[in-house]
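Here is a short briefing to read alongside the model. Keep the viewer open and follow the groups below.

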Amino acid sequence: MSGMNPAEFANIAKSERDFWWYRGMRAIFFRALEPFLAGRRLRRVLEAGCGTGYFSHVLQNDRRLPVFPIDLGWEGLQYARSMGVQRLAQANALALPFRSAAFDLVLSLDVMPHFERGAEQRAVDELSRVVAPGGLLFIRTAALELLRSRHSDFVFERQRYTRGQLTGLARRAGIRVLRCTYANSILMPIALAKFRIWEPLTRQAPSSGVEPVSPWLDRVLHTALAAEAAWIGAGRTFPVGQSLILIGEKTA
């Protein structure tokens, strides 16, 4: 696994708490996952690929969950340590330093795009290995090669996925798919115009898409994701989108 561009960690660290995309995707995460947590005791949670550690910080401090965050890049882990995130480890998601069936919930948030083509099944197999029988696996990943952008190039994104590809990876790893939906869908027409028309016309160099926008635009963009969180929280799905979310259960 080659990982993400180290230069992006500083951009994320500055924006992860308040930027519209991060706030909206956190809301979607919790609305999607919460129906499957009823009656479950989460004794150990793994975030495989924690980046700057901010989401683990949220899980640890706001949700009071015993989260174990790991990341390949030391650059992100330094930010996590400065926030007081506990149980940090520098490790490769392709060779997790944990025993099999060690976790009740395993999270992989936007890590799958960074695996070299051909390594994705190995990655999901390894995530599945550390999920306890009856435990949950939550994967979020970039979707659809058509939506590759200058940001994709900047962060060293190597591949994007379709719903069929992601569900197939999970099932072959012994995961029963409980739910799989696209997300970040409402804004997809705008993204498509930007990535396929505007960026090629202007010949923009690869650059981070995690850049502050004006407060009014931040509110508008966040409103779209908040609406998606409500839609997904009601059990509905999107047929297409910029991201994919999969929730599955370890069968044995």
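Just after helix H8, Arg-203 takes a positive phi of about 50°; helices here are DSSP runs of H or I with at least four residues, strands are runs of E with at least two, and both are numbered from the N terminus. The model is a predicted one: local features need pLDDT of at least 70, side-chain atom pairs count only at pLDDT 80 or more, and totals for chains, interfaces and linings use all residues. Residues are numbered from 1 along each chain as its sequence is written, and side-chain values use heavy atoms, with hydrogens and water left out.

**Helix H8**

- Helix H8 covers residues 188–202, and its 15 residues should span 21 Å at 1.5 Å a residue, where the expected span is 1.5 Å times one less than the number of residues.
- The end C-alpha atoms of H8 are 20 Å apart, which agrees with that expectation.
- There is a bend of about 35° in H8 at Lys-194, taken as the angle between axes fitted to the seven residues ending there and the seven starting there.
- Met-188, Ala-191, Phe-195 and Glu-199 are the buried residues of H8; buried means under 20% relative accessible area, exposed over 50%, and partly exposed in between, with a 1.4 Å probe and protein chains only.
- Helix H6 (150–154) is included in what covers these buried residues, with contact meaning heavy atoms within 4.5 Å.

**The sheet**

- Seven strands form an open sheet with mixed pairing, in the order S3-S2-S1-S4-S5-S7-S6; two strands pair if DSSP finds at least two bridges between them.
- The edge strands, S3 (89–90) and S6 (175–183), each pair on one side only.
- Strands of a sheet pair through backbone hydrogen bonds, either parallel or antiparallel.
- S1 and S2 run parallel and are joined by four bridges, and Ala-48 has Ile-70 in S2 as its bridge partner.
- S5 (residues 131–142) and S7 (residues 243–250) run antiparallel with seven bridges between them, and Ala-142 stands opposite Ser-243 in S7.
- From S1 (residues 45–48), Val-45 and Glu-47 point one way while Leu-46 and Ala-48 point the other way, and all are buried.

**Ser-108**

- Ser-108 sits in strand S4 (residues 103–109) and is buried, with a relative accessible area of 2%.
- Leaving aside residues up to four places away in sequence, Ser-108 touches Ala-48, Leu-127, Phe-138, Ile-139 and Arg-140.

**Aromatic rings and charges**

- Searching the whole structure gives eleven aromatic pairs; rings of Phe, Tyr and Trp (its six-membered ring) pair if their centres lie within 6.5 Å, and planes under 30 degrees apart count as stacked, over 60 as edge-to-face and the rest as tilted.
- Phe-68 and Phe-103 make an edge-to-face pair, because their ring centres are 5.7 Å apart and their planes stand at 70°.
- Phe-68 lies in S2 (residues 67–71) and Phe-103 in S4, so this pair ties together parts that are 35 residues apart in sequence; Phe-68 and Phe-103 are buried.
- Trp-231 and Phe-238 form a tilted pair, 6.0 Å centre to centre with 40° between the planes.
- Trp-231 is partly exposed at 37% relative accessible area, whereas Phe-238 is buried at 15%.
- Phe-19, Trp-20, Trp-21 and Tyr-22 form one aromatic cluster.
- Arg-44 lies over the face of Phe-68, at 4.4 Å from the ring centre; a charge sits over a ring if NZ of Lys or CZ of Arg is within 6 Å of the ring centre and within 35 degrees of the ring normal.
- Arg-236 lies over the face of Trp-231, at 4.7 Å from the ring centre.
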